[in-house]
Amino acid sequence: MVRLLGAQDRLLTTIETQYPGVSLHVRGNEINLSGDPQQVQAAHTLIQELIELVKQGQDLDPLEVRSSARILDDASGRPSEVLGQSILTSRGKTIRPKTLGQKEYVDAVDENTIVFGIGPAGTGKTYLAMAKAVQALQRKEVERIILTRPAVEAGERLGFLPGTLTDKIDPYLRPLYDALNEMMDPELVPKLLAAGTVEVAPLAYMRGRTLNNAFIVLDEAQNTTPEQMKMFLTRLGFGSKMIVTGDITQVDLPVGASGLRLVTRVLDGIDDIHFARLTSDDVVRHSLVGRIVDAYSEYDQVKQAERFERGQAQEFANRADRRGTTPRDRAKRRGTSS
């Protein structure tokens, strides 16, 4: 019951928020529900599914309660089955998908050779990709892991960094090292890096290579150029898998088009390539992150509509100018005829 309700009954509060028409009262090992019959039935089903997740050994949090309620509302399956899949267990922590979108993303990796994970910050794109890579290595499905990302600054020019080449590129690749150390024994990671079993490198090092029997992850792909994206995808060798992750709303390229934006149009519909699109519903960071993502998306939509309207008005004015039918021209013709 303690694991079901959470610390300070925060999970109970989350259930009440999901179903405002239901009153929940806990006494001992019993939970009594009263209120709107339809919502009572929905809350009852949700609690049963949460009990199943607890029995599977999961430590619940408000995100999983909300995700479970959304799965039940959408009739997308049973949360205990959708969210019960374990990818990796490391240092007493189990890594698993926490939302329906993440579950579909993970399943797509199992079923396809190349998967694009596209979504806003905090949706677990890179984290789950790294977990699948480590899982494949542990199962001996691949011989090595290759992690790469473009070395592009996030809106700031850092100038020339001191040190060796490794010292210069490490700050850009630090998030990948952090994830590796969290998913594997930190003492084992340096040995795997030294042996070449795990390779972390900037995207520029990929040209000219053929990557066989490898699990390759390209992170921050929104900062690749179309040429870089084509170069990377054509490195694919036999027995390999690729995951490309990125957020097309956070492009840091100074000029030019994003390779990730272009590839969604170029490769859409090709067999064995899957585009997994995550949304604010899949954010697994602080709940504010999802609301921030939604607010920026709404702002961008308004701005796009305004630009479209201005463009239409300008086009109409240009056509009128070419035909000599502006109000000033018509006034001039009326003055001449009189």
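Modeller: Let us begin with Asn213, which counts as partly exposed because its relative accessibility is 30%; on this scale buried means under 20% relative accessible area, exposed means over 50%, and partly exposed lies in between, computed with a 1.4 Å probe on the protein chains only. This is a predicted model, in which local features need pLDDT of at least 70 and side-chain atom pairs count only at pLDDT 80 or more, whereas totals for chains, interfaces and linings use all residues. Residues are numbered from 1 along each chain as its sequence is written, and side-chain values use heavy atoms, with hydrogens and water left out.

Biologist: How many helices and strands does the protein have, and what percentage of its residues is buried?

Modeller: The protein has 13 helices and 10 strands, and buried residues make up 41% of its 338 residues. Contact here means heavy atoms within 4.5 Å, and of the contacts with a separation of 6 or more, 68% are between residues 24 or more positions apart.

Biologist: How should I read the largest nonpolar core, and which residues touch the most other members?

Modeller: A nonpolar core is a set of buried Ala, Val, Leu, Ile, Met, Phe, Trp, Tyr and Cys residues joined through side-chain atoms within 4.5 Å. The largest one holds 35 residues, and Tyr105, Leu147, Leu180, Met183, Val200 and Phe215 touch the most other members. The elements giving two or more residues to this core include helix 6 (100–111), helix 7 (125–138), helix 8 (165–183) and strand 7 (198–202), and helix 7 gives the most, with eight residues. Leaving out residues up to four places away in sequence, Leu180 touches Met130, Val134, Leu147, Val189, Val198 and Val200. A second, separate core has 23 residues, among them Ala214, Ile216, Met229 and Leu233.

Biologist: Is Thr245 buried or exposed, and with which side chain does it form a polar contact?

Modeller: A polar contact is a pair of N or O atoms within 3.5 Å; within protein, one must be able to donate a hydrogen and the other to accept it, and residues adjacent in sequence count only if both atoms are side-chain atoms. Thr245 lies in strand 9 (residues 241–246) and counts as buried because its relative accessibility is 0%. Its side chain and that of Asp219 are joined by a polar contact of 2.8 Å. Beyond its neighbours within four places in sequence, Thr245 is in contact with several residues, including Tyr105, Lys125, Thr126 and Glu220.

Biologist: What does the side chain of Asn223 reach, and which residues does Gln228 touch?

Modeller: Asn223, in the loop between strand 8 and helix 10, is buried, with a relative accessible area of 3%, and its side chain reaches the backbone nitrogen of Asp252 at 2.6 Å. Gln228 belongs to helix 10 (residues 226–233) and is partly exposed, with a relative accessible area of 25%; not counting residues up to four places away in sequence, Gln228 touches Leu203 and Asn223. Also in helix 10, Met229, Met231, Phe232 and Leu233 are buried, and what covers the buried residues of helix 10 includes strand 5 (114–118), strand 9 and helix 11 (259–266).

Biologist: Finally, how much space lies in the second largest pocket, and which helix gives the most to its lining?

Modeller: Rolling a probe the size of a water molecule over the atoms shows where empty space is left. On a 1 Å grid over the protein atoms alone, with a 1.4 Å probe, a pocket is an open set of points with protein on both sides within 12 Å along at least five of seven lines, and lining residues have an atom within 4 Å of a point. Grid points are joined across faces, edges and corners, and a volume is the space filled by probe spheres set on the points. The second largest pocket holds about 530 Å³ of space and is lined by 19 residues, of which Asp247, Ile248, Thr249, Ser297 and Asp300 lie nearest its centre. Helix 12 (residues 287–323) gives the most to this lining, with eight residues.

Key
Helix = DSSP H or I, 4+ residues; strand = E, 2+ residues; numbered from the N terminus.
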